[in-house]
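Here is a short report on helix packing and charged pairs. Please look over the sequence and the model before reading on.

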Amino acid sequence: MPDHSGEFVQGTFRVEQEVVVNAPRERVFAALTREIGKWWCHRCGDAGSVHSLEPQAGGRFVESWGKSSVLWGVVTRLEAPVTLRLSGPLGMHTPVNSVYQYTLEEHDSGRSTLLKLSHRVNGEIDTLWKDAHERGWQALWVTLKAWVEEGRAVDPESGR
């Protein structure tokens, strides 16, 4: 997951991003909630790990491999097909409060979706994490778009 400098400070950061996905809002919401294992490209475990999300308030977003697992977040708001909010470490291993929310708006008369991300973090953070998370979310947009628009998994680095 994110790069680490080893320099930890008490602090905050915020990531705000938008991406247009060429699919109806209901399709994008389904990918965010029921198909996250098909496109989520970041790993805490080994390359064979599996991601899953339980699409309900209190549902877990988990990565599992072998007899190990890590909690990426817990669903705190699910308003289909408009809002999905999670709270959890999102790959960070220090004491942090991290809340990330997807808001989906119909775009181009409903033929596409404007996906807005708001990610807020406070606590003991690594000095490199803001930039690493900015890049990490951008990589996820590549893989999400490929999955939703073309039905294929891609390497976020190469786009193939």
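## A charged pair to start with

Is Glu79 buried, partly exposed or exposed? Glu79 is partly exposed, because its relative accessible area is 35%, between the limits of 20% and 50%. This is a predicted model.

The side chain of Glu79 pairs with that of Arg77 in a salt bridge, at 2.6 Å from N to O. Arg77 is also partly exposed, with 37% relative accessibility.

## Other salt bridges

The whole structure holds ten salt bridges. Side chains of opposite charge can pair when their charged atoms come close.

Glu150 and Arg152 form one of these bridges, with an N to O distance of 2.4 Å. Glu150 is partly exposed at 48% relative accessible area. Arg152 is partly exposed too, at 32%.

Arg25 bridges to Glu106, and their closest N and O atoms lie 3.9 Å apart. This pair links distant parts of the chain. Arg25 sits in helix H1, Glu106 in strand S6 (residues 96-107), and 81 residues separate them. Arg25 is buried, because its relative accessible area of 17% falls under the 20% cut-off.

## Packing of H1 on H3

Helix H1 spans residues 25-33 and helix H3 spans residues 129-150. Their axes come within 10 Å and cross at roughly 125°. That angle makes H1 oblique to H3. The crossing is right-handed.

Which residues of H1 and H3 meet? From H1 come Arg27, Val28, Ala31 and Leu32. From H3 come Leu144, Trp147 and Val148. By class, this contact has six nonpolar residues, one charged and no polar.

Technical notes. Residues numbered from 1 in each chain as written. Predicted model: local features only at pLDDT ≥ 70, side-chain atom pairs only at ≥ 80, totals over all residues. Heavy atoms only, no water. Axes fitted to C-alpha atoms, helices over the stretch in contact; angles between N-to-C directions. Helix = DSSP H or I, 4+ residues; strand = E, 2+ residues; numbered from the N terminus. Parallel < 35°, antiparallel > 145°, perpendicular 65-115°, else oblique. Left-handed = near helix turned anticlockwise from the far one by under 90°. Contact = heavy atoms within 4.5 Å. Nonpolar A, V, L, I, M, F, W, Y, C, P; charged D, E, K, R; others polar. Salt bridge = Lys/Arg side-chain N within 4 Å of Asp/Glu carboxyl O. Buried < 20%, exposed > 50% of the residue type's maximum accessible area, 1.4 Å probe, protein only.
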